[in-house]
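Subject: The structure for you to look through

Hi,

Here is the structure I promised to pass on. Have a look at it first, then read my notes below.

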Amino acid sequence: MKLYILILSVLFVQFSFAQEVATNSASKVWSLQDCIDYALENNITVKDAMLTKNIAEIDYNKAKSSRLPNLFGSASQNFSSGNTIDPITSDYVTDQIHSTNVGINSSMTLFQGNQITNQIAQNKILFDQSVFEEEVAQNNIVLNILEIYLQTLYSKESITIAENNLLASETEVQRAKSRLDAGTIALNDYTEAQSQAATNKYNVIAAKNNYQQYIIALKQLLELSPIQELEIESIDENMDLENLELNKVDVYEKALGILPEIQSSNLNIEANKKQLDIAKGGFLPTLSLSGSLGSGYTSINDNTFSDQFDVNFNQKLGLTLTIPIFNRNQTKSAVQTASINIEKAEIQKLSTEKEVYKKVETAYQNALSAQEQVIAAEASKVASEQSYKLAQKKYELGALSTTDLVISQNTFTNAQQNYLQAKYLNILYHQLLQFYQGNDIKL
């Protein structure tokens, strides 16, 4: 019995927590800025880029530490029997020997063809590049949030249009039924009205499903829990739509100066140039300094353990010069590879610049198009609305067939959808152009 009570208690706590989370989430209406701020803190793509940057910083610090000397301690205990060399005195003896050795060893590289210096410089460049790559990831998330947010608003307004159409068509079905009962219309006119109402009901369901799909996409970008509800803030219905007063060349030049992917491409070239310097350092000699302190004890010596450690204490200091003569063309191949990688990095930069230009050009042309489409779509919406209202009055008076009324309603619906689409495209592409100039995205 106690076990059942415990299980029920745990389930109750979990359910209460889930309800609390859902309630808190439902009470919050997310603005575009709320979504952007939250995504930058929680999106896994951004977190992954941050971790990559942290690794690059660790590599940079490790490279700087390569200038320092190393230090190792050692200790060994040995036993030998028979003909052997005493490890402490180096005498040739025939006996059982117990020996103890301890020591400290250190070494450092004094010169290695400037490879250490160049490696530190390269790791600093790679760290700086990772900072820009993190900004690229953040920018991508911001743009994705903007696009999905506007698509969600568009689909939300589409639900309203679909529901209004369904309400109107249901009213028309009732009128058609009355007229059918009165014998003023044929049965096919009534069934056509029913068909239109069923189609509009399907459109409502489809619009709501479409809205939920965008909500799911937005929640995934925000890394929200599946149990959390998400409601987004609508934009001002009376907001002024943007008029394009920009020069695309100016926008492109500003984008080249501020976008992190361009800065990352420049640093990629510099990092590969440093790699070439590192490879060339393989042709130069290496000079290293080493030293050690040590002592030991052997059982064949009559002196005490402490006396032997004092007598056998030794110090060593040495310089080692290594001159490369032939390493099977490994250094030569490394130099050639580094040179090719520099050319590839320069090509990659050109490709990145082309991609930025394509994005700016596309956003600019789409903004121009959307600006003109808004004007045309608004005029079409006003005209088709007036036409539909007139058709409804004629239908009420029996001066219009059901088919013509359905056609008028569908024309008005399409005009509303076209205006919505043009409105949100106008907002999207103008915000993109603001982003490419380094301005904040805001609705």
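Before the sheet, one term: two strands count as paired if DSSP finds at least two bridges between them. Also keep in mind that this is a predicted model.

**The sheet**

With that in hand, you can pick out an open sheet of four strands, in the order β2-β5-β7-β8, with antiparallel pairing. In general, strands of a sheet pair through backbone hydrogen bonds, either parallel or antiparallel. Which strands sit at the edges? They are β2 (70-80) and β8 (314-322), and each of them pairs on one side only. On average, neighbouring strands here are turned by 20 degrees against each other, if you ignore direction.

Let's walk across the sheet from β2. Eleven bridges join β2 to β5, and Gly73 stands opposite Ile104 in β5. Next, β5 (residues 97-112) pairs with β7 (residues 286-298) over 13 bridges, again in the antiparallel sense. Here Gly103 has Gly294 in β7 as its bridge partner. Gly294 also has a bridge partner in β8, namely Asn314. Nine bridges join β7 to β8.

**A pair of helices**

Now for α4 (residues 115-182) and α5 (residues 187-222). Their axes come within 8 Å and cross at roughly 160 degrees. Angles over 145 degrees count as roughly antiparallel, which is why α4 is described as roughly antiparallel to α5. The crossing of α4 and α5 is left-handed. What kinds of residues make up the contact of α4 with α5? By class, there are 23 nonpolar, twelve polar and six charged residues.

**Aromatic rings**

How many aromatic pairs are there? The count comes to seven. One of them is Tyr388 with Phe412, a stacked pair with 5.8 Å centre to centre and 20 degrees between the planes. This pair links distant parts of the chain: Tyr388 belongs to helix α9 (residues 330-396) and Phe412 to helix α10 (residues 402-436), 24 residues apart. Both Tyr388 and Phe412 are buried. Elsewhere, ring pairs link Tyr297, Phe305 and Phe309 into a cluster.

Note on methods:
Residues numbered from 1 in each chain as written. Predicted model: local features only at pLDDT ≥ 70, side-chain atom pairs only at ≥ 80, totals over all residues. Heavy atoms only, no water. Axes fitted to C-alpha atoms, helices over the stretch in contact; angles between N-to-C directions. Helix = DSSP H or I, 4+ residues; strand = E, 2+ residues; numbered from the N terminus. Parallel < 35°, antiparallel > 145°, perpendicular 65-115°, else oblique. Left-handed = near helix turned anticlockwise from the far one by under 90°. Nonpolar A, V, L, I, M, F, W, Y, C, P; charged D, E, K, R; others polar. Phe/Tyr/Trp six-rings, centres within 6.5 Å; stacked < 30°, edge-to-face > 60°. Buried < 20%, exposed > 50% of the residue type's maximum accessible area, 1.4 Å probe, protein only.
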